[in-house]
Amino acid sequence: MSLLKATVPLSPFLCTATFRLYNPMSMNDFRTRLARVPLLVWLAVVVLLCAFAQRFFALDQFPPGVQHDEVFIANFAQTILQGQYPIFFELNRGNEPLFMYLTAAMFKLFGENVWALRATAALCGFGALLLTYLLTRDLFQKENTQRGDESSANFIALITAAGITFSFWHLYESRIGLHTISTYLLAAATFYAFWRGWTRGNKILLLVSGILAGLSTYTYRSGIFVPATLLLFTLYSLVFHRKIWRRNLWLIPVIFILAALVYFPLFNFITTHPETALARLGDLSGDMDALRQGNPLPLVNNALRVFGMFGISGDPEWRYNVALRPIFDPLWAILFYAGIVVALLRFKRAPYAFALIWLVVMLLPSILSGSDLSQHRAVGAIGAAFMMPALVLDEGRVFVRLRWGRGAQYAFGMGVAALILLAAFGGINAYFVTWTNNPEVRLIQRADLAIAARWLDEHQGNARALVSAEFANDLDRGSFNLVARNPNHAQFFQGADTFVLPARTNAFIVNPRSGPISEIFRKQFLQDAPVFTSKLADGTNEIEIYELTEPEFQILRTTRGLNNVAQTQDGQIVIRDAYLPGGARTGEILNAELWWQIFAPRVSDADGLAWVGSLQDKMNYIWSEVTSMGYTPSQWQRDDVVVSLLPLSIPVDATPQEYSLNVALASNAGTIPLIKNGAPPASPIQLAETTIARGETPKEKPELDVRYPHREQFGEIEFFGSDAVGEAEAGGSWRVILFWKADEKISENYKLRLIAMTEDGQEITRQEEVLLKGVYPTRQWRAGDYIRSVHDLQIPEDAPRGKAVVRVALLNSDGSPIGRADGAPIAGIEIVGRARNFEKPNPQTVRVTRFGDAIEMLGYDLPRTNLRAGDEFKLTLYWHALKSADKAYTVFVHLLDANGKVIGQQDMQPLQGDAPTNAWQPNEYLADAYAFTIALDARQGAAAVEIGLYDPVTGQRLTVTDAQGTVVGDHLLIEGLNVEP
């Protein structure tokens with residue numbers, strides 16, 4: 001089948017060749033022509049057939065697996081097949097489109113699989129090689145070189161083609177589904193059309209070369225250097241070959257005008273999308289900045305390194321090369337550098353100049369792109385690079401023939417053949433053996449996922465397949481699906497922090513080296529031996545596949561998760577359990593587990609769901625936070641139980657005390673309220689508690705989150721600095737976090753004093769307390785301990801507005817200062833007062849409602865009652881403070897459809913968090929605006945707005961009382977809205 005696929009794209013070329021040979025001559029004429037074909041041409045045919053075979057041989061297996069850049073290309077091609085025709089693909093740092101359109105055509109013919117993707121590259125590579133052979137024959141014809149014999153052109157072309165055929169460089173570029181090889185194809189096509197038109201006076205070919213030069217800019221970033229090569233050669237011709245330059249004078253500007261016209265749409269897109277232009281400029285090295293400042297040495301050094309990759313040290317990236325392997329082996333490298341000398345010595349002859357200009361200009365993308373040596377970016381120079389050794393070998397062939405005759409020439413040819421065979425063995429072995437089997441390459445190429453896909457194709461049957469992956473949501477899934485014949489029979493999860501326990505089915509669990517399942521899950525769920533294992537050469541497991549039966553899954557599902565701890569309002573997700581292991585210590589990882597079940601999967605990946613777990617103390621200070629959603633909605637199946645690992649890093653300077661696990665369900669539209677044990681919806685919710693003890697004393701200073709460093713010594717205690725907000729609101733509290741270290745064991749419990757003062761020395765407020773009293777007072781500190789303490793400094797309502805300075809000091813138990821009596825300055829703050837309104841407003845709709853005993857709503861402004869899915873919903877609430885509230889309550893505004901489903905919401909403290917309810921003054925009025933997007937899947941029909949306030953810690957809602965004093969529940973409902981089609 002692979003041979004058939006490989007032959008079909010070549011069939012037009014074969015048919016044309018057959019037609020030209022047959023039409024319309026007699027058989028005798030045909031035989032006569034065949035007899036006149038030089039041996040070197042027949043050898044070239046053999047080489048080209050070898051090249052074709054090598055580039056299509058087992059394309060779906062070499063390279064092993066599918067790397068992520070190939071997945072991007074495939075996704076771009078699929079976008080085209082879906083009816084979108086972009087001129088530039090902005091993902092993955094920007095990509096020119098030509099190769100993607102070619103790939104889309106191959107997908108249309110052969111299906112969306114890895115073979116079709118790479119066959120596009122193979123055709124480009126083979127086409128470029130064939131054009132290079134034809135161009136080289138034309139370049140070095142006797143009438144162009146003025147030396148040698150008629151066979152020189154055929155010989156140089158043969159050696160060039162043979163070198164490219166067996167080189168690792170071209171093999172790699174032609175067998176991987178990346179768009180760089182299209183640059184070489186367009187470069188070879190452009191130069192071939194240009195040279196034939198230039199030397200033979202063919203105006204049509206010259207015009208075609210201009211169009212092709214413009215098209216080359218649509219291949220890859222280095223494609224812009226193709227027209228630059230033509231420009232430099234025409235300038236060269238103006239100096240050295242004025243006769244032919246004058247002959248084509250009027251066509252020269254037309255060539256570049258055509259190229260510019262073809263390039264203009266792409267150029268216009270790039271220049272009108274600044275983020276795209278900046279991403280492309282990021283490829284340029286800092287060496288250009290040095291050059292602009294008058295220092296060319298960095299750029300010269302980089303140029304020497306680039307030319308050195310042909311024989312000294314090659315591309316260091318295993319992704320693109322056998323790391324550090326030069327393009328040529330030592331003998332061929334000598335020939336390459338000697339070829340450059342030959343081209344320089346004969347620079348006045350156009351063919352040599354053209355080859356040298358081609359080489360140098362197309363190496364510029366690598367030279368200008370910085371210290372990362374890259375033969376990948378220099379792909380357009382392949383043809384010229386392999387001409388250089390051929391020039392030297394032809395010099396030797398001609399010299400031997402003239403000096404010792406044809407017999408010696410044949411002996412010389414045998415030696416050249418031996419050199420080619422050695423290079424062929426080296427290139428083929430480097431690609432198909434060394435590079436393919438390298439562990440780093442196999443990881444980059446996701447070889448493990450390819451092995452799993454092929455195994456599951458044969459063994460999966462009706463069972464489910466759950467594949468662990470590093471990038472389960474997109475790229476690794478794409479790698480797997482391009483190889484698998486039945487890609488939709490597998491679901492993907494991120495095994496590092498997620499495990500899936502399906503219901504009512506057997507399932508295969510795939511554990512690849514590239515995205516391994518957490519050891520915690522392996523011990524917990526995968527006790528039996530795998531049914532399939534594939535190993536690397538060093539014995540490391542590359543892939544493991546386990547099979548679990550339905551009864552086994554049922555047992556695992558009931559290990560935990562027998563309760564309904566909390567759920568979303570619409571019942572899509574139910575939290576079954578939250579587990580915090582005991583015995584945790586500072587400086588360690590606390591591996592919390594969240595067990596949740598999918599009941600009604602109606603969300604999509606675009607919703608951006610993610611669990612947010614935080615480790616908080618009694619003051620609601622967040623010490624650690626982690627986000628996890630390694631099993632996205634597109635993979636969900638009803639009744640799946642999912643275990644999410646929340647690895648919370650416990651800072652080394654955390655205090656030993658009780659901590660809680662708080663969990664929120666985040667989305668692109670904001671957090672999704674959770675109902676815990678029948679309480680009102682809230683976010684986040686507290687699910688578990690644990691006590692954390694002190695771990696080992698750090699041997700070295702840890703990385704601390706000190707935003708404002710300040711070193712001060714207070715006796716045995718070293719102060720490092722603080723973390724605090726820059727503003728403090730009068731009448732509220734100002735949170736400051738302090739960082740300490742105990743140099744020695746401390747004999748008593750020190751007091752902490754915080755003082756806020758105006759710039760002219762007036763004291764604003766003072767607060768004294770035993771440092772970490774009841775938690776970890778200083779007498780318990782160990783020598784070498786790092787400690788973080790959290791404090792809320794109360795700012796009086798009558799505090800003067802403006803700049804203030806906060807100082808921290810430590811005191812003995814008798815109140816005497818330790819160290820500096822005036823303490824150390826820790827922060828400059830701005831005391832602000834929110835603009836307050838004590839005049840009663842006039843809302844659009846009056847509806848007096850009381851929330852609790854301190855907050856009253858006078859009414860609201862509702863600009864629109866006829867709504868549409870996807871539109872913005874706006875509402876302004878008018879509050880009246882009856883007295884000071886005891887807590888900072890959160891306001892919720894939920895838009896509901898006729899079935900009570902939330903189709904839009906916003907939960908926040910008043911005035912975007914700037915006016916917490918416990919900072920309101922009696923008889924104060926506030927106009928509080930809310931705005932959010934109505935869900936795209938909002939059901940048409942009647943709608944209502946649900947309004948209320950709740951304690952963000954407990955989720956407890958305030959009681960709602962109407963204007964007549966009747967309790968109406970825990971929320972206010974505004975009806976009369978409608979969602980229109």
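Tutor: In H18, the buried residues are Leu-299, Asn-302, Ala-303, Val-306 and Gly-308, where buried means under 20% relative accessible area, exposed over 50%, and partly exposed in between, with a 1.4 Å probe and protein chains only. Helix H18 itself covers residues 297-308; helices (H or I, at least four residues) and strands (E, at least two) are DSSP runs, numbered from the N terminus. Its 12 residues reach 16 Å from first C-alpha to last, close to the 16 Å expected at 1.5 Å a residue, the expected span being 1.5 Å times one less than the number of residues. The cover over the buried residues of H18 includes helix H17 (287-292), helix H19 (330-345) and helix H20 (350-368), with contact meaning heavy atoms within 4.5 Å.

A word on the ground rules: this is a predicted model, in which local features need pLDDT of at least 70 and side-chain atom pairs count only at pLDDT 80 or more, while totals for chains, interfaces and linings use all residues. Residues are numbered from 1 along each chain as its sequence is written, and side-chain values use heavy atoms, with hydrogens and water left out.

Now to helix H13 (residues 225-240), where Thr-229 is found. Thr-229 counts as buried because its relative accessible area is 1%. Leaving aside neighbours within four places in sequence, Thr-229 is in contact with Phe-191, Ile-357, Trp-358, Val-361 and Met-362.

For a strand, look at E22 (residues 786-794), which holds Ser-789 and also Leu-793. Ser-789 is buried, at 1% relative accessibility, and Leu-793 is buried with a relative accessible area of 0%. Not counting residues up to four places away in sequence, Ser-789 touches Val-736, Ile-737, Leu-738, Trp-740, Leu-771 and Leu-772. With that same exclusion of residues up to four places away, the residues that Leu-793 touches include Gly-732, Trp-734, Ala-756 and Val-806.

The backbone has some details to check too. Most residues other than glycine have a negative phi, and most peptide bonds are trans. The bond from Phe-62 to Pro-63 is cis, with omega near 5°, and Pro-63 sits in the loop between helix H4 (39-56) and helix H5 (68-81). Another cis bond runs from Ser-683 to Pro-684, with omega near -5°; Pro-684 lies in the loop between strand E14 (674-676) and strand E15 (685-692). Asn-620 has a positive phi, near 60°, in the loop between strand E10 (610-616) and strand E11 (622-628), and Asn-620 is partly exposed at 41% relative accessibility.

Finally, the whole chain: there are 27 helices and 36 strands, and the C-alpha atoms fill a box of roughly 115 × 65 × 60 Å, taken along the principal axes. Buried residues make up 55% of the 981 residues. Among contacts between residues at least 6 apart in sequence, 72% join residues at least 24 apart.
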